[in-house]
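My entries follow the order in which I looked things up.

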Amino acid sequence: MLLYLMREQYGVTSDPEKYREILQRSWDYYSPRTDHTYGSSLGPAVHAILACELGKTEEAYVHFMRAAMVDLENVRRNAHEGIHAASGGGLWQAIIFGCAGIKFTDDGPVAIPHFLPGWTRLKFKLQWRGQKYEFDLNPETSTQTAQSGTTISSSSRPPGSPAQIQGVIFDLDGVITDTAEYHYQAWQKLADEEGIPFNREANEALRGLSRRESLMELLNGRSATEEQFQEMMDRKNKFYLELIKNISKADLLPGALELLIELKEAGIKVAIGSGSKNAKEVMERLGISDRIDSISDGYSVTRSKPAPDLFLHAAQQLGLEPAYCVVVEDAGSGVEAALAAGMWSVGLGPVERVGAAHLVLPSLEGIHWSNLQKQLAGNRLIPC
Ligand code: BG6
Ligand code: MG
């Protein structure tokens, strides 16, 4: 227990390898000598945490249940004297610091989960240094949070480290500029004219999809001849072009330009990977074409997101291996495409939408390249 309380001094953050060695030795010595059943009621919860850190999830589960049953089942036969509040607190810590493996880093809390046998999800909120963090972890996409409102997932990590990233591939609509909103408005207008029920919520399923696939979603099984289909796509695009005709540099989303400038300074290559056939036009209007090394758009590949093709095309244009690229996306289909391409991924928006990304941020506002790399690197803290 003392080691648990003094783990910072023993290098849990500064020298995890040394800490683990000390922990293992202490465990081997003290655990067999500890009365887990009738000794301190705090013991089981603390042992559950330490067992998690040692990767002994079966043992962690036994200790966790022992701690949980102290009052639930009155296993110590003394609950009539009052509940074991400290043990309850220990139990909370067992979940948060043991199973979810929360560590507090300079960049915020990071989760290094150790799922106990049979556990499928850990969802909780934390408040730390005045900031709120939300975690939604599961064994496959064990998610880690590194900054207020941000989430990192350890799913399908590319080999190597984020420090090796040499290229950033930005989606355009909803990442660099808020044309995602104009796509929605144009689809809404088409749906209204056609008398098809549609709203913002339904539009979420269209995010990132090609024009054709979006219309298929919108029609939701309604039949249309190819000619009618084409006409509707053209009509929607006409509405869309009307909406974007006045966009300018002022329509860049907060943080986008600053990040592009930083990337250039850092010698990082930059591509656009957008499924839109209007991408080049939008880029011209935004006045940032000269800040980009290449544009892959709706004409570049046949299969659209969530297929990896567009991002692979972009990486090829940059002359980079996928594992050295990171994709910035606002769409679930885009994150899926990035993962399928074997790239790092940053999702912008709610966890429900882009939670599969390695790192989830509310937006690019205030985001710096070095921080982004560090946050992505947060999930290099592999479970012991
Ligand atoms: C994507 C948007 O970038 O481009 C989608 O997220 C859009 O909403 C798709 O449907 C295709 O765009 P366009 O301009 O070719 O119709
Ligand atoms: Mg987008």
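The entries below begin with conventions and the overall fold.

**Conventions.** I worked from a predicted model, in which local features need pLDDT of at least 70, side-chain atom pairs count only at pLDDT 80 or more, and totals for chains, interfaces and linings use all residues. Residues are numbered from 1 along each chain as its sequence is written, while chains are lettered from A and ligands numbered from 1 in the order in which they are written.

**Overall fold.** I counted 15 helices and 12 strands in the protein chain; helices (H or I, at least four residues) and strands (E, at least two) are DSSP runs numbered from the N terminus. Along the principal axes, the C-alpha atoms of the protein chain fill a box of roughly 75 × 50 × 35 Å. I then looked up burial, where a residue is buried if 20 or more other C-beta atoms lie within 10 Å of its own, exposed if 12 or fewer, and partly exposed in between, with C-beta atoms placed from the backbone. By that count, 42% of the 384 residues of the protein chain are buried. For contacts, I required C-beta atoms, placed from the backbone, to lie within 7 Å. Among contacts in the protein chain between residues at least 6 apart in sequence, 60% join residues at least 24 apart.

**Helix α3.** I asked how many residues of α3 are buried. In this helix (residues 43–53), 11 of the 11 residues are buried, so α3 is largely enclosed by the rest of the structure. The buried residues include His47 and Glu53. I noted that their cover includes α1 (2–5), α2 (16–30), α4 and α5. After α3 comes Gly55, with a positive phi near 75 degrees.

**α4 against α5.** Two packed helices are described by the angle between their axes and the distance between the axes. I found that the axes of α4 (residues 57–72) and α5 (residues 85–99) come within 9 Å and cross at roughly 150 degrees. Axes here are lines fitted to C-alpha atoms, for helices over the stretch in contact, and angles run from 0 to 180 degrees between N-to-C directions. α4 is therefore roughly antiparallel to α5, given that angles under 35 degrees count as roughly parallel, over 145 as roughly antiparallel, 65 to 115 as roughly perpendicular and the rest as oblique. On the α4 side I listed Ala60, Phe64, Ala67, Ala68 and Val70, which meet Ser87, Gly90, Leu91, Ala94 and Gly98 in α5. The residues of this contact divide into seven nonpolar, three polar and no charged. For these classes, Ala, Val, Leu, Ile, Met, Phe, Trp, Tyr, Cys and Pro count as nonpolar, Asp, Glu, Lys and Arg as charged, and the others, Gly among them, as polar.

**The α4–α5 loop.** Asn74 is exposed, because 12 other C-beta atoms lie within 10 Å. Arg77 lies in the loop between α4 and α5, and its phi, near 60 degrees, is a positive value in a residue other than glycine. Arg77 is exposed, with 8 other C-beta atoms within 10 Å.

Which residues are closest to ligand 1? I found 19 residues around the ligand, the closest being Asp173, Arg211, Ser276, Lys277 and Asn278; a residue is near a molecule if its C-beta atom, placed from the backbone, lies within 6 Å of it. The shell divides into five nonpolar, 10 polar and four charged residues. α6 (179–194) and α8 (211–219) each supply at least two residues of this shell. I followed α8 to α9 (residues 226–244), against which it packs at an angle of about 105 degrees, with the axes 10 Å apart. The two helices, α8 and α9, are therefore roughly perpendicular to each other. Arg211, Arg212 and Leu215 in α8 meet Phe229, Met232, Met233 and Asn237 in α9.

**Two loop sites.** I looked up Asp330, in the loop between β10 (325–329) and α13 (332–340). Asp330 counts as buried because it has 24 C-beta neighbours inside 10 Å. Its contacts beyond four places in sequence include Asp171, Arg207 and Gly349. Asp330 and Gly349 are 19 residues apart in sequence and 6.1 Å apart in space, C-alpha to C-alpha. Lastly, I noted a cis peptide bond from Lys305 to Pro306, with omega near 15 degrees. Pro306 sits in the loop between β9 (294–296) and α12 (309–318).

Technical notes:
Contact = placed C-beta atoms within 7 Å.
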